[in-house]
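Please open the structure in your viewer and keep the selection tool at hand. The tour below goes from one selection to the next and says what is there.

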Amino acid sequence: MIVAGFYTNEKYRLLAERMKASAEALGLKVCLKAYPDVKAWSHALKLKVAFIQEMLSDQKDSILYLDADTWLERRPDILLDQDNFDVALGYVLPNHPHGCALFFRNNPKVKALVDLWMKMFDRHPGIRLDETLLEYALDEGKQNGLVVKHLPPAYGWMRNMDRRFPGAQPVIHHLGAG
């Protein structure tokens, strides 16, 4: 598995470096990429999908995509030790994925899903959230045998979540620096 992410400016470069250090401290491979010419947040959302497509086509490992303002606090055991799913992600609401940490097993079904996710930007031009478009693509992908794992809240941890999930130990922490 490769931990992968990108950044668009100096603020996010510093955050991405923290993400990289946290993954490397756990013995994980990391790929970071700079896209300094991105001016609008909405463009970065589509860029996320293009980056994941590129990562899946450029190498054979599975991808754990992390937003630049996300870091690993513990080894992501579910992602490293289980192989009975194609995609793994957390959910903020029942039908709204949390896009800060997304796992993609590198296989043809997943590549087709990510291609479909990219097409969703054209199919639904009025929807700007990449997570909503991902959910649409996942709905179609599941009809084609894609297996989706719902990750526990510890894999998309944010400030004050300990109030809702006392005793949980964060694995992936998301700052939400936007």
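A residue counts as buried when its relative accessible area is under 20%. With that cut-off in mind, and remembering that this is a predicted model, select aspartate 67, which lies in the loop between β3 and β4 (70–72). Its relative accessibility is 15%, so aspartate 67 counts as buried. Now show what surrounds this residue: leaving aside the neighbours within four places in sequence, aspartate 67 is in contact with Met19, Lys48, Gly99, Cys100 and His174.

Next, colour the protein chain by pLDDT, for which the mean is 90, with 97% of the residues reaching 70 or more. Among the elements of the chain, strand β3 (residues 63–66) has the highest mean pLDDT, 97, whereas strand β5 (residues 87–93) has the lowest, 84.

Then select helix α4 (residues 108–123) together with helix α5 (residues 130–143), which pack with their axes 8 Å apart and at an angle of about 125°. Because of that angle, α4 is oblique to α5. The crossing of these two helices, α4 and α5, is right-handed.

To see where the two helices touch, display the side chains of Leu113, Leu116, Trp117, Met120, Phe121 and Arg123 in α4, which meet Asp130, Leu133, Leu134, Tyr136, Ala137, Leu138 and Glu140 in α5. If you colour the residues of this contact by type, ten are nonpolar, three are charged and none is polar.

Definitions and conventions
Residues numbered from 1 in each chain as written. Predicted model: local features only at pLDDT ≥ 70, side-chain atom pairs only at ≥ 80, totals over all residues. Heavy atoms only, no water. Axes fitted to C-alpha atoms, helices over the stretch in contact; angles between N-to-C directions. Helix = DSSP H or I, 4+ residues; strand = E, 2+ residues; numbered from the N terminus. Parallel < 35°, antiparallel > 145°, perpendicular 65-115°, else oblique. Left-handed = near helix turned anticlockwise from the far one by under 90°. Contact = heavy atoms within 4.5 Å. Nonpolar A, V, L, I, M, F, W, Y, C, P; charged D, E, K, R; others polar. pLDDT = per-residue confidence, 0-100. Buried < 20%, exposed > 50% of the residue type's maximum accessible area, 1.4 Å probe, protein only.
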